[in-house]
Amino acid sequence: MASTSYCRLVASRSFDSLLKRSPKDFGSVVARRYEKSTAVFYEKNKKGLERDLKRRPLKQALKMTFQNLGPELKLFYQEQKQAYTGFPLLSVDHGNYEVIYTFNDPESVKSWAVTADRDNDGGKSTANFTFSKNRTGLFHGYLCKEVPKDGVTKYAGYANITSPKPMKSFGRESQMDWSLFNCLLLRLRGDGRPYMIVIGCNFHYDINWLNRWSYPVFTRGGPYWQHVKIPLSKFFTTHHGRIQDKQEFLPLKIINSLGITAADSAEGPFSLEIDSIALMNDVNLTDKHAYEMYENKYYEVQC
Amino acid sequence: MGKASLRAGFCFSALYRHIQTTPPALQLTQKCANYCHRKFFLMSERFLSHKRHFHSSVILEDREQARHHKTDESLKERALLDKTGNSAVEQRPTSDLTTTEQVRPPKPVIEKTESSLPNHDPGRITEEQRRLERKADSLFQELIESRGANKETFMFAVKKFVDREGIYWRGAVEFIYAGMKEMENFGVLKDLDSYKALIQAFPEKKMIPRNAWQVEFMHYPRHQQCGIDMLEQMEHNGVIPDEAFGALLKNRFGGEAHVTRKYRRMLYWLPKFKNINPYPIPMELPTDPRQLALLALRRMSVDRESQYNVFEAEPEEDTFIASAQSPTQQHLIQQHNTEQPLFVEGPYPVYLRELRQNYFLLRAEPNINALMKKKQQEKAEENDENLFEWTNFFEDEKSSELRPILSVHEQDDSTILALSITGTNSKASAMSWVRCLERNNPKLARIPILFKIQTSAEAGQVDWGQQAVLGAPTNGKDFRQVALF
């Protein structure tokens, strides 16, 4: 949640200010997390991190390749078989649904990635995603609003769980096709906080990597289960967590990940119990996109 | 060439068209066009008549000579000045190439951790800026001491600043940042009027960009960033700006600046998201804990028939028990087997926006027979084998067939029988709640009840009756704090 500043961008671009600095300061201008602005398009990796992602040492990578060659080939064979003999789903009726994530075994819960701002030195919140006694996934932890004193971070307190990316054989990234469905169904119970559902897509170019589509899910608190239905048209475009002026419809054919974020401003413990997440087709939902998508005559920034 | 330059002029004007043309921007384009025309005419004249060309060139030469003379004279004057008096003090060589470096006073060293304002490079904070910050801070502190921290004082502080700095508007950014920081002390964090007052610490008209370049390259960047930060603070506190706020902003930054764009964005999105919560919470929560407890209970219980009661404790103790139970739940207790125990669990947290309360629940083990029956019925509905076993309309349809097998309270993990929020969240209060429930549920006295009350060290970890496993062991510190709260 580091703040981004236009002011800073302009300052670092002008050559004059660079020359005024001592050579010691020079390093701080070039590669610092807070020097980055939203107006810079370059992304180093798909996670949007400044640092390089860890890579396996070559020796280990080679070893793993040979070890996994058999199972991966088998997977590849199955994929090809499915591609040539499997019958594709062409349409679904009203009310048909497909469960995409269930948490009825510990493995499915373990495969989700849990992040909190503590992991990125952005605060002191903690989070955990565990398999509960009721055979559900329990997303719980503590949201701490205390801002670290680094002079850059302005807000703190978030926790997130994200689904594993669909993978094909040989470690290739894959994607899901949601285009037959038009709403998201969730069975959950929470503690009265709002949570944000975040959908990510498998984009090719780096300017799109951090595009996410989000919509809040409101919990009522208490011991009763909630069945939440959110039309996919309601999801709004965000980039780097900021809502965008130019809205786009969720590209349903290249869905990559689904996450749930707890980042409301209430400090304290949070808990959200999730039973399953499904997709449904509802013929009564005719909206393509819930927000205005008109274009300005001169293609300038809308709003 | 003339044609090309004309085309260039046209392109420029087309470029400008996408931003609302302010008068200065228009002037600039016109000037450009005029210049092109004049050059074009000069050239055509040159081609048309040799004589005139000669004439004009002569004139040009004359002009250039005159200019040279002028510069010479000015040089002479300067030399004279140097000779007459203060030349010894400031001997400046005329050539630019040999300028001696000016000796500047050393820059004050300020540590990075000392950075005071957000979004500003700590290395570039000057001593003057720090002085202005201290001045702004002290203005607020003095007024808090003399008048107390309230909305009127805050308004007065802004008025005092405007009166004092109304001419040069020195330290406006520092004042506004100090004001933003102090808003919580003054209790005006969610008050639109105070934000309207605070934005008036910026001068009017001075910072309005005059052309497209100024707009895009962040005219008055520190001031605009300050404005953006202020709007973000409003956004975080759920304050939606109105037209009057926009007018104030437009008078200061113009209609196209980045701050104003942020304002327009907020005006577009925030009202859209204002009412999307299907379980709404009032903007201003009541201060009475009983009302708050009832609000949370109403939000939690799904049964519309639920009855809400507030049981008061003895007059010496100022505590209460708010309870929610529906007739269906009473009926379930009445039907409960006296050999099987009921459970009181809690306290589990429930939030009303930023406010946290804890609730207890009375529950029974799930009704497995009924659940199995429901599962079977669902399976039968899905099954296609009995597709042709239609019931014809001569058969009687029993009304009990349409009734749902399970009530909303009978969930597959437990049957919920009552909910409560108590003033103290203690085990004693939970026990007295059960005694209160016995008035409407006489059978409760005969059913064994187990209390699964979390100790204060664990409080806050909701696990629906399971052992909590939490991330890092250092967390314990946080949770103990919570327990105190």
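**Exercise 1. Determine how α7(B) and α10(B) are oriented relative to each other.**

*Solution.* Step 1: in this predicted model, α7(B) and α10(B) pack at an angle of about 10°, with their axes 10 Å apart. Axes are lines fitted to C-alpha atoms, for helices over the stretch in contact, and angles run from 0 to 180 degrees between N-to-C directions. Helices (H or I, at least four residues) and strands (E, at least two) are DSSP runs, numbered from the N terminus.

Step 1: α7(B) and α10(B) are therefore roughly parallel to each other. The classes are roughly parallel under 35 degrees, roughly antiparallel over 145, roughly perpendicular from 65 to 115, and oblique for the rest.

Step 2: on the α7(B) side, the contact is made by L192(B), Y195(B), K196(B) and I199(B), and on the α10(B) side by A244(B), F245(B), L248(B), L249(B) and R252(B). Contact means heavy atoms within 4.5 Å. By class, the contact of α7(B) with α10(B) has seven nonpolar, no polar and two charged residues. Ala, Val, Leu, Ile, Met, Phe, Trp, Tyr, Cys and Pro count as nonpolar, Asp, Glu, Lys and Arg as charged, and the others, Gly among them, as polar.

The conventions of the model are as follows: residues are numbered from 1 along each chain as its sequence is written, and chains are lettered from A and ligands numbered from 1 in the order in which they are written. Local features need pLDDT of at least 70, side-chain atom pairs count only at pLDDT 80 or more, totals for chains, interfaces and linings use all residues, and side-chain values use heavy atoms, with hydrogens and water left out.

**Exercise 2. Describe the packing of α6(B) with α7(B).**

*Solution.* Step 1: helix α6 (residues 172–186) of chain B and helix α7 (residues 192–199) of chain B pack at about 165°, with their axes 10 Å apart. α6(B) and α7(B) are therefore roughly antiparallel to each other.

Step 1: F175(B), I176(B), G179(B), M180(B) and M183(B) in α6(B) meet S194(B), Y195(B) and L198(B) in α7(B). The residues of this contact of α6(B) with α7(B) divide into six nonpolar, two polar and no charged.

**Exercise 3. Describe the packing of α10(B) with α11(B).**

*Solution.* Step 1: helix α10 (residues 243–253) of chain B and helix α11 (residues 258–274) of chain B pack at an angle of about 165°, with their axes 9 Å apart. α10(B) is therefore roughly antiparallel to α11(B).

Step 1: E243(B), F245(B), G246(B), L249(B), K250(B) and F253(B) of α10(B) make the contact with V259(B), T260(B), Y263(B) and L267(B) of α11(B). The contact of α10(B) with α11(B) has six nonpolar, two polar and two charged residues.
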